[in-house]
Amino acid sequence: MRNSYDNTGETEEYKDFFVCYDEDERCEAIEFFELADIILNRKAIFTGTYDEICGLFDDIEEDNTGFTEYKYGIGVYAPDKDETVCYPESVIVFKKGYYD
């Protein structure tokens with residue numbers, strides 16, 4: 001298990017990403033870290049600022065560490081998002097219902 005609050009499935013940890021599985025051992029999310037080269041709509045996520053990445057979506061739900069966009073199943077972790085310039089530390093892509 002990745003942590004104490006994630007007790008429903010297994011997680012494999014690699015150098016650049018985590019793969020999260022549900023209780024049926026199916027992939028339900030992949031979380032990428034700064035070393036990964038993630039491209040979304042021709043924009044490199046980890047080289048774009050937090051504000052630039054937010055601008056790629058119409059309907060995000062922000063909290064104090066980043067945002068989640070449920071329609072496309074993507075979340076950005078950027079704990080310094082309130083700084084003048086901030087870059088994401090991780091990006092998660094997930095299946096519908098992952099956070100339910």
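The side chains of aspartate 24 and arginine 26 form a salt bridge, with N and O 2.9 Å apart. This pair belongs to one network in which shared partners join Asp22, Asp24, Arg26 and Lys95. The model is predicted. The chain has 100 residues, and buried residues make up 39% of them.

**Salt-bridge network**

- Five salt bridges are counted in the model.
- Aspartate 24 is partly exposed, because its relative accessibility is 47%.
- Arginine 26 also pairs with aspartate 22, at 3.6 Å from N to O.
- Arginine 26 counts as partly exposed, at 48% relative accessibility.
- Aspartate 22 is buried, because its relative accessible area is 4%.
- A further salt bridge links aspartate 22 to lysine 95, with the closest N and O atoms 3.2 Å apart.
- Aspartate 22 sits in the loop between β2 and β3, and lysine 95 in the segment after β9 (90-94), so this pair ties together parts that are 73 residues apart in sequence.
- Lysine 95 is partly exposed, with a relative accessibility of 35%.

**Glutamate 25**

- Glutamate 25 is placed in the loop between β2 (17-21) and β3 (27-33).
- Its phi is near 65°, a positive value in a residue other than glycine.
- Glutamate 25 counts as exposed, because its relative accessibility is 67%, over the 50% cut-off.

**Fold and surface**

- The chain holds one helix and nine strands.
- From the N terminus, the order is β-β-β-β-β-α-β-β-β-β.
- Among contacts with a separation of 6 or more, 30% come from residues 24 or more positions apart.
- The chain exposes about 6800 Å², and carbon and sulfur atoms supply 44% of that area.

**Nonpolar cores**

- The largest nonpolar core has 15 residues.
- Those with the most contacts inside this core are Ile38, Phe46, Tyr50, Ile53, Phe67, Val76 and Val91.
- At least two core residues come from each of α1 (50-54) and β8 (74-77).
- With three residues, α1 gives the most to this core.
- Apart from this core lies another, of five residues, including Ala29, Ile92, Phe94 and Tyr98.
- Leaving out residues up to four places away in sequence, isoleucine 38 touches Phe32, Lys43, Ala44, Ile45 and Phe46.

**Glutamate 69: a buried charge**

- Glutamate 69 lies in strand β7 (residues 66-69).
- Glutamate 69 is buried yet has no salt bridge.
- The nearest side chain of opposite charge is lysine 71, 6.4 Å away. A salt bridge needs the nitrogen and oxygen within 4 Å.
- The glutamate 69 side chain does reach the backbone nitrogen of lysine 71, at 2.9 Å.
- Beyond its neighbours within four places in sequence, glutamate 69 is in contact with Phe57, Asp59, Ile60, Ile74 and Phe94.

**Aspartate 59**

- Aspartate 59 is found in the loop between α1 and β6 (61-63).
- Aspartate 59 counts as exposed, at 59% relative accessibility.
- Not counting residues up to four places away in sequence, aspartate 59 touches Thr68 and Glu69.
- Aspartate 59 and tyrosine 72 are 13 residues apart in sequence, and their C-alpha atoms are 9.8 Å apart in space.

How values were computed: Residues numbered from 1 in each chain as written. Predicted model: local features only at pLDDT ≥ 70, side-chain atom pairs only at ≥ 80, totals over all residues. Heavy atoms only, no water. Helix = DSSP H or I, 4+ residues; strand = E, 2+ residues; numbered from the N terminus. Buried < 20%, exposed > 50% of the residue type's maximum accessible area, 1.4 Å probe, protein only. Contact = heavy atoms within 4.5 Å. Areas by Shrake-Rupley, 256 points an atom, 1.4 Å probe, with all protein chains shown as cover. Core = buried A, V, L, I, M, F, W, Y, C linked by side-chain atoms within 4.5 Å. Lys, Arg positive; Asp, Glu negative; His and termini not counted. Polar contact = N/O pair within 3.5 Å; in protein donor to acceptor, adjacent residues only side chain to side chain.
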